[in-house]
Amino acid sequence: MMSKFILYLRYLKVNYSPKMLLYFYHYGTSSFSLGLAMPDSWVEDFDQKTIPNNFGFYEIHSSYLVNYFSTLSTLLITAALALVLMLATYLAQKSKSVVQF
């Protein structure tokens with residue numbers, strides 16, 4: 001979590017040390033993700049608006065949905081798996097109570 005916070009610091013308009021700039025450049029915003037990348041054809045449908053230079057340097061899209069599509073799809077996949085597991089647990093308990101010997 002701390003590394004993500006540090007990566008968000010790169011968007012502030014501050015003079016950073018060369019080591020910090022190297023960290024920002026090499027590590028990007030990678031995090032654990034099960035999500036899907038947004039298809040390029042969908043990205044093209046979103047208007048790219050003018051954004052501050054700090055964001056443009058790191059090639060951030062002006063749309064929140066484009067930037068966080070992978071994170072949101074990870075959340076959706078996790079929620080769907082949780083619902084499937086809860087449903088399976090419920091059905092297993094229900095069938096166990098019906099088939100008692």
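This passage describes the predicted model of a single chain, from its overall make-up to a few of its residues.

Because the model is predicted, local features need pLDDT of at least 70 and side-chain atom pairs count only at pLDDT 80 or more, while totals for chains, interfaces and linings use all residues. Residues are numbered from 1 along each chain as its sequence is written, and side-chain values use heavy atoms, with hydrogens and water left out.

The chain contains 6 helices and 0 strands, where helices (H or I, at least four residues) and strands (E, at least two) are DSSP runs, numbered from the N terminus. Along the sequence the pattern therefore reads α-α-α-α-α-α. Confidence is given by pLDDT, the predictor's confidence in each residue, from 0 to 100. Its average over the chain is 78, and 76% of the residues score at least 70.

Of the 101 residues in the chain, 15% are buried; buried means under 20% relative accessible area, exposed over 50%, and partly exposed in between (1.4 Å probe, protein chains only). The chain exposes about 8,700 Å², with carbon and sulfur atoms supplying 67% of it; such accessible areas come from the Shrake-Rupley method with a 1.4 Å probe, and for residues only the protein chains shown count as cover. Counting contacts (heavy atoms within 4.5 Å) with a separation of 6 or more, 45% join residues 24 or more positions apart.

Ser 63 sits in the loop between α4 (53-57) and α5 (64-67). Ser 63 counts as buried because its relative accessibility is 12%. Its side chain reaches the backbone nitrogen of Leu 65 at 3.4 Å, a polar contact (a pair of N or O atoms within 3.5 Å; within protein, one must be able to donate a hydrogen and the other to accept it, and residues adjacent in sequence count only if both atoms are side-chain atoms).

Helix α6 holds Leu 72 and Thr 71. Leu 72 has a relative accessible area of 35%, so it is partly exposed. Thr 71, at 46%, is partly exposed too. Between Thr 71 and Leu 36, 35 residues apart in sequence, the C-alpha to C-alpha distance is 8.3 Å.
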